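Please keep the sequence and the 3D view open as you read.

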Amino acid sequence: MVARLVIAAPSSGAGKTTVATGLMAAFAGRGLAVSPHKVGPDYIDPGYHALATGRPGRNLDAYMCGTGLIAPLFEHGARGCDLAVVEGVMGLYDGAADQGELASTAQVAKLLKAPVVLVVDASSQSRSVAALVHGFASWDPEVRIGGVILNKVATDRHEHLLREALGGSGVPVLGVLRRAPAVATPSRHLGLVPVAERQAAAVAAVAAQGEQVLQGCDLDALMALARSAPPLHAEAWDPALAGRLTAGGGVVPTLPQTSSGGTPTAPAEQLPTTRPVVAVAGGAAFTFSYAEHTELLTAAGADVVTFDPLRDEELPPGTSGLVIGGGFPEMYGSELSANEPLRKAVAELAASGAPIAAECAGLLYLARSLDGTPMCGVLDADARMSSRLTLGYRDAVAVSDSSLAAAGARMRGHEFHRTVIEPGAGANAAWGLRQPERRVEGFVQQGVHASYVHTHWAGAPEAAVRFVDHCANGPAA
């Protein structure tokens, strides 16, 4: 059983990431193996979590992966650890729009049977903090708020007033943190600046966050609270087991289980006879990825090799498939464009019919241009920055057969961008979206599947196996 805490807040901006990352760093500094997790689709916060713990930051998204996978994915990431810290998303009870509690921090806390620590921005209140904490603690009796950390406290007098107000609330104060510029992390149009773009500064910020938490929080009380979580009784998710497929190419919605509780591997006849090389874009321009994607690709029979489109002028030797996830190509447009040899290599790979899966930033990189700067030219489309934020979960149906999904397959995803591409869909669209409005989007041509929609393949593991199968044997396999 892994001791665990969920770090939540009444709203965004209260300091969840600073506190959660600081807790991870402080406990790791004590010599504990700490497993970092993030509720929701966020790609950036897990990078800071990984820096604090030395382990991959993992997402727990009940919308994209389903509620039944939350505990198994948690157990997979936390295997062998002393403590797991789960950072929430938005406010504690905020989830997918018009979906009740689905994908909220509160729902994930209940699925994990984990106590919640509420981070409260106390900068503009004193006695009212008690009413706020009481409301959150009593809203859902199935959510156990085991303590509060008061953030952005101004003075000793301010702290005294806050502690006095909360004295009769029944919710203990487990930490008090002052305002501290050293722990701040810069933001821009899509949230925090990723670790890969500010490595040295990020290391310093995480260290400062850990020290602030060490000085301002009762780590022993927090650990005792984490250890009060009951057993989960969930089988850990396994990429090889998740990749076992039904015939016909339908998406596998749930994990098959074994009566022995073992960890089976996918049947040999379902794996390619040779291991194709799947190149995965990385570096500062393409930082958005889920750890489970690489694990699923590897389990499906691929050799996964990371490359950096900002620096590498060639694709990895033997590349037979390409995955280009999300990130910030708009911040590196001139550098990406200047790497003409790699752009040419990507275009040639696409022209050969090789499978290419591109999401959001990958879509922009495959376009003809981005803000007027030449990109790979694989797609007959042009992209540009926009003042409008497109954000939200998506219920998607594959419009066309592709290297990721058979036409008609259903997958859930998430959009998060301030760019637009024109046209928004090719002659063969990638997805038909059901909400918030009905539309088609993305491009399927030869082996290319390019779309704004981010997906989490743990919720649809056949996508990874189908992709590797196409890499090894071609689309007719």
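## About the model

This is a predicted model, in which local features need pLDDT of at least 70 and side-chain atom pairs count only at pLDDT 80 or more, while totals for chains, interfaces and linings use all residues. Residues are numbered from 1 along each chain as its sequence is written, and side-chain values use heavy atoms, with hydrogens and water left out.

## The parallel sheet

Let us begin with the open sheet, where 7 strands line up as S3-S2-S4-S1-S5-S6-S7 with parallel pairing. At its edges are S3 (58-60) and S7 (173-178), each of which pairs on one side only. Helices (H or I, at least four residues) and strands (E, at least two) are DSSP runs numbered from the N terminus, and two strands pair if DSSP finds at least two bridges between them. On average, and ignoring direction, neighbouring strands of the sheet are turned by 25° against each other.

Strand S1 (residues 3-8) runs parallel to S5 (residues 116-121), and 3 bridges join the two. Ile 7 stands opposite Val 117 in S5. Helix H9 (residues 219-227) packs on the sheet and touches S1, S4 (83-87), S5, S6 (145-153) and S7. The direction of H9 makes about 110° with that of S1; axes are lines fitted to C-alpha atoms, for helices over the stretch in contact, and angles run from 0 to 180 degrees between N-to-C directions.

## Two nonpolar cores

The largest nonpolar core has 115 residues, and Ile 7, Leu 23, Leu 112, Leu 150, Leu 222 and Trp 431 touch the most other members. A nonpolar core is a set of buried Ala, Val, Leu, Ile, Met, Phe, Trp, Tyr and Cys residues joined through side-chain atoms within 4.5 Å. Buried means under 20% relative accessible area, exposed over 50%, and partly exposed in between (1.4 Å probe, protein chains only). Helix H1 (residues 16-29) gives the most to this core, with 7 residues. A second, separate core of 39 residues includes Ala 281, Phe 286, Ile 324 and Ala 381.

Leaving aside neighbours within four places in sequence, Leu 112 is in contact with residues including Arg 4, Leu 60, Phe 74 and Leu 232. Contact means heavy atoms within 4.5 Å.

Nine is the count to look for in H15 (residues 462-473): 9 of its 12 residues are buried, among them Val 465, Phe 467 and Cys 471. These buried residues pack against S10 (277-281), H11 (291-299), S12 (319-324), S13 (356-359) and S17 (410-422). After H15 comes Gly 474, with a positive phi near 90°.

Met 411 is found in S17 and counts as buried because its relative accessibility is 5%. Beyond its neighbours within four places in sequence, Met 411 has contacts that include Trp 431, Ala 460 and Ala 463.

## Backbone details worth a look

Which residues does a cis peptide bond join? They are Glu 422 and Pro 423, with omega about 0°; Pro 423 is placed in the loop between S17 and S18 (431-433).

Ala 103 has a positive phi near 70° and is found in the loop between S4 and H5 (105-112). Ala 103 is buried, with a relative accessible area of 4%. Lys 113, in the loop between H5 and S5, has a positive phi near 55° and is partly exposed at 39% relative accessible area.
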